[in-house]
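Subject: Handing over the structure

Hello,

I am passing this structure on to you, and I hope you enjoy looking through it. Please open it first, and then read my notes alongside.

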Amino acid sequence: MSDIQMTKLANCAGCGAKVGAGMLAQLLEGLPVRRDERLLVGYDRSDDASVYLIDEHTALVQTVDFFPPIADDPFTFGQIAACNALSDVYAMGGEPRLALNIMTVSREMDRETIHAVLRGGYEKAYEAGVIITGGHTIEDSEPKYGLAVTGFADPKRILKNCTARPGDVLILTKPLGVGILCTAAKGDLVPEALMKRLHAQMMTLNRAPRDCMLRFETHSCTDVTGFSLMGHAYEMASGSGCTIHLRAGDVPYHREAWELADMGFVPAGAYRNRDYVEPDLCWAREIPLPLQDILFDPQTSGGLLIAVAEKDGESLLRALKEETGGASVVGYVTEKGPKALIVE
Amino acid sequence: MIDARGRSCPEPVLMLRKAMTSKEASYEIMVDNRVSVENITRYGQHEGYRVTVEDREDEYLLRLEK
């Protein structure tokens, strides 16, 4: 295999390439939306996946996600892209079962490189108990890879991103800073050991946290990806008709991201996320700019943001700490106030 | 002057960083997007420079001075 650095073949990295939430809403505006009483979650809500009721015990969950390389090694990139795509099903409380590859290849990629990306996807899919049954590949100026995923869920246990309730505790399962660090990595400013940790984090399925949250009175969930913690928390707050309070000091992040943000390695997506959320955001105290950047930082294959009933908050947190890579309480939900999002 | 027009982040910051190995008292860099203005400003300040931005319609000239 040639020693191509995959991230050098693309302008944006990972979920940082996502069109901003504000722009997306404009693009979708005016498109004819068809109703179907079996469609439990559609795109009138900006949720993680569509959910369609099959019968009283089964709902179909569908999602698609793909992006340009976030890692230089094609096998690693394939695993991260697959993990990220599968995450949308876990965030709905579902179990992914089938997937289709979606891929673009650029001229610089030789056969072995393409094969390694796909092998990464298969590896992660099989780990998740998902079979890849086909796909579609086209030529493009930049490489991209992801999956269209089909899964199933119990219609009574679907976790939408718009059903948080006042009193809920908010838990986040993966640390932030991935976008900033991957931007700085393009200038070789991130030590290899840290990149390895980041890749491992992005390759970790959100299956175990999904298992944990379904055992408790979880009201709402989303996975934190391109729209950042702030963007996804904002969508949860506005969709739920509540206000979300984030405690900036409790938000987990990779420490190295602070200085790199201060040095200006802030991805464009972070600025888009800020523009999207700012009109409905209140800074309750002065938050240092690098920490603000981390809160707006687009994540790739990020963790779950879970709104759980207050009485179950501690038990869920303990279960997540014992059974998964870790978790932190990052805030709480109140009745709707003047702003949807408050950072304390 | 460093011409970073048509480049998207992190490239303009990396171009400035490379130029700064010469440790001069002032630098000028031209960019054409707001993200680069913000990130160059952050980088300049982090390295101890005062940064001023001149808005030239869709382009921005940033001056960094010690």
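Predicted model: local features only at pLDDT ≥ 70, side-chain atom pairs only at ≥ 80, totals over all residues.

For the complex, the predictor reports an ipTM of 0.96 and a pTM of 0.94. Chain B has a mean pLDDT of 94, with 100% of its residues at 70 or more.

Let me start with chain A. Its domain assignment lists domain 1 (6-157) and domain 2 (169-343). Taken over C-alpha atoms, the centres of domain 1 of chain A and domain 2 of chain A are 20 Å apart. Where they touch, domain 1 of chain A contributes 29 residues and domain 2 of chain A contributes 30 residues. On the domain 1 side of that contact, α1 (21-28), α2 (74-91) and α3 (111-127) of chain A each supply at least two residues. The largest share of that side is from α2(A), with 10 residues. By residue type, the side of domain 1 of chain A that touches domain 2 of chain A has 11 nonpolar, 11 polar and 7 charged residues.

The nonpolar core is worth a look next. The largest one holds 112 residues, and those touching the most other members are A:Ile171, A:Leu181, A:Ala233, A:Ile244, A:Leu305 and A:Leu341. Here too α2(A) comes up, as it gives this core its largest share, 10 residues. Domain 1 (6-157) and domain 2 (169-343) of chain A each provide at least three residues of this core.

Is A:Met6 buried or exposed? A:Met6 counts as buried, because it has 27 C-beta neighbours inside 10 Å, and 20 or more are needed for that label. Beyond neighbours within four places in sequence, A:Met6 is in contact with A:Pro69, A:Ala71, A:Asp72, A:Pro74, A:Phe77 and A:Pro143. Between A:Met6 and A:Lys144 there are 10.0 Å in space, C-alpha to C-alpha, although the two are 138 residues apart in sequence.

Now to the place where the chains meet. Chain A puts 13 residues into the contact and chain B puts in 12 residues. On the chain A side, the elements giving two or more residues are α4 (178-185) and α9 (268-277). That side of chain A is made up of 7 nonpolar, 4 polar and 2 charged residues.

β4(B) pairs with strand β2 (residues 26-31) of chain B in the antiparallel sense, over 6 bridges. Strand β3 (residues 50-56) of chain B also runs antiparallel to β4(B), joined by 7 bridges. B:Leu64 is a handy landmark: it is the bridge partner of B:Tyr27 and stands opposite B:Val51. β3(B) and β4(B) form a hairpin with 2 residues between them, and B:Glu57 in the turn has a positive phi of about 55°.

Best wishes

Terms used:
Residues numbered from 1 in each chain as written. Chains lettered and ligands numbered in written order. pLDDT = per-residue confidence, 0-100. Domains from an automatic or database assignment. Contact = placed C-beta atoms within 7 Å. Helix = DSSP H or I, 4+ residues; strand = E, 2+ residues; numbered from the N terminus. Nonpolar A, V, L, I, M, F, W, Y, C, P; charged D, E, K, R; others polar. Pairing = 2+ DSSP bridges. Buried ≥ 20, exposed ≤ 12 C-beta atoms within 10 Å, placed from the backbone. Core = buried A, V, L, I, M, F, W, Y, C linked by C-beta atoms within 7 Å.
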